[in-house]
Amino acid sequence: MYLKLSKDLIVTLQSEAYGEASFRSAYYVSTGVKKRKAKALWQLEIQTKSRVLDYFEYNQLPIPDLKMAAIKGSFLGLIFPIFPWRLVMKIILKETEMFLDVFQRLEAQAPKQDKPFFKYLVDHEIAIRRFAELELENSPEQALQAVTCLLSHNEGDRSEERRVGKECRSRWS
C-alpha cells in the first residue's frame with residue numbers, strides 16, 4: 001500500500017503541475033470569456049498545487065521533477081483557441097478522469113488526519129470536471145460555479161475543507 005500511495009502522490013503533484021501549465025497557456029492564448037475561464041481554472045490549479053506542495057513538505061516527501069508535466073500541460077493549453085470548444089471540454093473530461101480515480105484512491109487510503117486534504121483534491125477534480133460538463137451542456141453561465149466556490153474558500157482555515165467541500169457540492173447539484 002505504501003508504494004502505491006507514493007506513486008499516487010507523485011501523480012497528484014504532476015497532475016497539478018500539468019493543469020497549472022495547461023490553463024496558464026490557455027489564459028495567455030485565449031481571448032474574451034474563454035480567457036476569463038482559463039484564468040479561474042489556472043488559479044484553482046495554483047491553489048491546489050500549493051496545497052499539494054505543502055503536504056509534501058510537511059510529510060518530508062521528496063518532490064519529483066515536474067518539468068515534463070509542465071511542458072505537456074503547456075502544449076495542451078495552446079489548443080484551447082485552436083480546437084473546437086466542445087473538443088477541448090471532452091479532452092478536459094478525459095484528462096481529469098484518471099486523476100479523479102487517483103485522488104479518490106488516496107482519500108480512501110488516507111489516515112484520518114489527512115482525509116480533509118484528500119477530500120479537497122477530490123472536490124478540486126470534480127469542480128474541473130463539472131466545468132467541462134456544464135460547458136458541454138451549453139450552460140456556460142454556471143460552468144465556473146464549482147471552481148469559484150473552491151477558490152472563494154481559499155482564505156479560510158484548511159481544517160474547514162470538509163465543510164467547504166460539502167457546501168460546494170450541494171451548490172453544484
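Which residues in H2 meet which residues in H5?

Reply: This is a predicted model, in which local features need pLDDT of at least 70, side-chain atom pairs count only at pLDDT 80 or more, and totals for chains, interfaces and linings use all residues. Residues are numbered from 1 along each chain as its sequence is written, and side-chain values use heavy atoms, with hydrogens and water left out.

From H2, the residues Lys37, Leu41, Leu44, Glu45, Gln47, Thr48, Arg51, Val52 and Tyr55 meet Phe117, Phe118, Tyr120, Leu121, His124, Ala127, Ile128, Phe131 and Glu135 of H5; contact means heavy atoms within 4.5 Å. By class, this contact of H2 with H5 has 11 nonpolar, three polar and four charged residues. Nonpolar here covers Ala, Val, Leu, Ile, Met, Phe, Trp, Tyr, Cys and Pro, charged covers Asp, Glu, Lys and Arg, and the others, Gly among them, are polar. Helices are DSSP runs (H or I, at least four residues) numbered from the N terminus.

The axes of H2 (residues 32–58) and H5 (residues 115–136) come within 11 Å and cross at roughly 165°. H2 is therefore roughly antiparallel to H5 (angles over 145 degrees, on a scale from 0 to 180 degrees between N-to-C directions, with axes fitted to C-alpha atoms over the stretch in contact).

The largest nonpolar core has 27 residues, and Phe23, Leu44, Phe80, Met89, Ile92, Phe131 and Val147 touch the most other members. Such a core is a set of buried Ala, Val, Leu, Ile, Met, Phe, Trp, Tyr and Cys residues joined through side-chain atoms within 4.5 Å, buried meaning under 20% relative accessible area with a 1.4 Å probe, protein chains only. H5 gives the largest share of this core, seven residues.

Definitions and conventions:
Helix = DSSP H or I, 4+ residues; strand = E, 2+ residues; numbered from the N terminus. Parallel < 35°, antiparallel > 145°, perpendicular 65-115°, else oblique. Buried < 20%, exposed > 50% of the residue type's maximum accessible area, 1.4 Å probe, protein only.
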